[in-house]
Amino acid sequence: MKFNINAPFWQFMNTLARFTALNLVYPVTLIPIITIGPARAALYSTMFAYDEHDDIRLVKEYLTRFKREFKQGLAAWVLVAILAAAILFGLSFWKAWDTNTSYIPLILLVIAAVVVALFAEYVAPLRARFANTTGRLFSLSAMFPWRAFPCSLVLVVIDVLAAGLSYFVPFIRVLAILFGIAWVAYAKSLILLWGFKRYGGTGKVENPQYVNAHE
């Protein structure tokens, strides 16, 4: 039997190996904690690039984009962390009162938590896909989730399904450790690209040079 590297099976194994390598590198870049923002932006940027050029070197692209996204990604992560800390403090404070008057601020804080969560969901992919100033990036991240609500809903469903399967199914948990994060990011990137095209108004698409791309 003649060995054919271009056979579908070997092409699939090659893709699986590349995603596994990316999935192992990505958590390492999260370790300093303050790099979470740049890491998420770089991951989405790499997935967007893969959608356009499926022969790129995922790990090399990711590390290159991690450096490029660092400044705005760090600013976005600091803002999300401050907002999240303020909400958690507020929830703890008003919950400790345990009176009827605490219900209204608790409800408002829960709503604020949802808003911040959606902001955090979009700020990395918007930064990864479009060239905007930091101020416009934050503005878009706050407004776009509601303008593209069907897209937002699908993203939440993907997160919930991925987390639920990983928690309740041990085999899926193992797969998630090996390459799950990268595959989930890729699935979400397809939804995001559809949302950006469908709802628009997000800025000029960045045009980076791809490493080892066929075009």
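Leaving out neighbours within four places in sequence, Leu126 makes contact with Leu137, Leu140, Ser141, Phe144, Phe196 and Thr202, where contact denotes heavy atoms within 4.5 Å. Apart from the core of Leu126 lies another core of 16 residues, which includes Leu43, Met47, Leu58 and Phe66. A nonpolar core is here a set of buried Ala, Val, Leu, Ile, Met, Phe, Trp, Tyr and Cys residues joined through side-chain atoms within 4.5 Å. Buried stands for a relative accessible area under 20%, exposed for over 50%, and partly exposed for values in between, with a 1.4 Å probe and protein chains only.

The model is a predicted one, in which local features need pLDDT of at least 70 and side-chain atom pairs count only at pLDDT 80 or more, whereas totals for chains, interfaces and linings use all residues. Residues are numbered from 1 along each chain as its sequence is written, and side-chain values use heavy atoms, with hydrogens and water left out.

The chain contains eight helices and two strands. These elements are DSSP runs numbered from the N terminus, helices being H or I with at least four residues and strands E with at least two. Their order from the N terminus is α-α-α-α-α-β-α-α-α-β. The C-alpha trace spans about 75 × 40 × 35 Å along its principal axes. Of the 215 residues in the chain, 39% are classed as buried. Among contacts with a separation of 6 or more, 77% are made by residues 24 or more positions apart.

The largest nonpolar core has 22 residues, of which Tyr44, Phe48, Tyr122, Leu126, Phe144, Leu192 and Phe196 touch the most other members. At least two residues of this core are supplied by each of helix 2 (36-52), helix 4 (70-97), helix 5 (103-129), helix 6 (134-147), helix 7 (149-168) and helix 8 (170-199). Helix 5 provides the largest share, seven residues. In soluble globular proteins, nonpolar side chains tend to be buried together.

Phe119 is also part of helix 5 and is buried, its relative accessible area being 7%. Beyond four places in sequence, Phe119 contacts Leu79, Val80, Phe138, Ser141 and Ala142. Phe119 and Ser139 are separated by 20 residues in sequence and by 9.3 Å between C-alpha atoms.

Leu155, located in helix 7, is buried at 0% relative accessibility. Residues up to four places away in sequence being excluded, Leu155 touches Glu121, Tyr122, Lys188, Ile191 and Leu192.

Ala182 belongs to helix 8 and is buried, with 1% relative accessibility. Its contacts outside four places in sequence are Phe19, Leu22, Asn23 and Met47. Ala182 and Ala21 are 161 residues apart in sequence and 9.4 Å apart from C-alpha to C-alpha.

In helix 1, Thr15 is buried with a relative accessible area of 16%. Apart from residues up to four places away in sequence, Thr15 touches Tyr50 and Trp183. The loop between helix 1 (8-30) and helix 2 holds Ile33. Although not a glycine, Ile33 has a positive phi of about 70°; at 49% relative accessibility, this residue is partly exposed.

Helix 3 (residues 58-68) has Leu58, Glu61, Tyr62, Arg65 and Phe66 as buried residues. These cover an arc of only 135° around the axis and therefore lie on the same side of helix 3, the arc being that of the directions from the helix axis to the C-beta atoms.

The largest pocket holds about 460 Å³ of space. Of its 19 lining residues, Ala162, Gly180, Ile181, Val184 and Ala185 are the closest to the centre. Helix 2, helix 7 and helix 8 each give two or more residues to the lining, and helix 8 contributes the largest share, 10 residues. By class, the lining comprises 13 nonpolar, two polar and four charged residues; Ala, Val, Leu, Ile, Met, Phe, Trp, Tyr, Cys and Pro count as nonpolar, Asp, Glu, Lys and Arg as charged, and the others, Gly among them, as polar. On a 1 Å grid over the protein atoms alone, a pocket is an open set of points where a 1.4 Å probe fits, with protein on both sides within 12 Å along at least five of seven lines, and lining residues have an atom within 4 Å of a point. Grid points are joined across faces, edges and corners, and the volume is the space filled by probe spheres set on the points.
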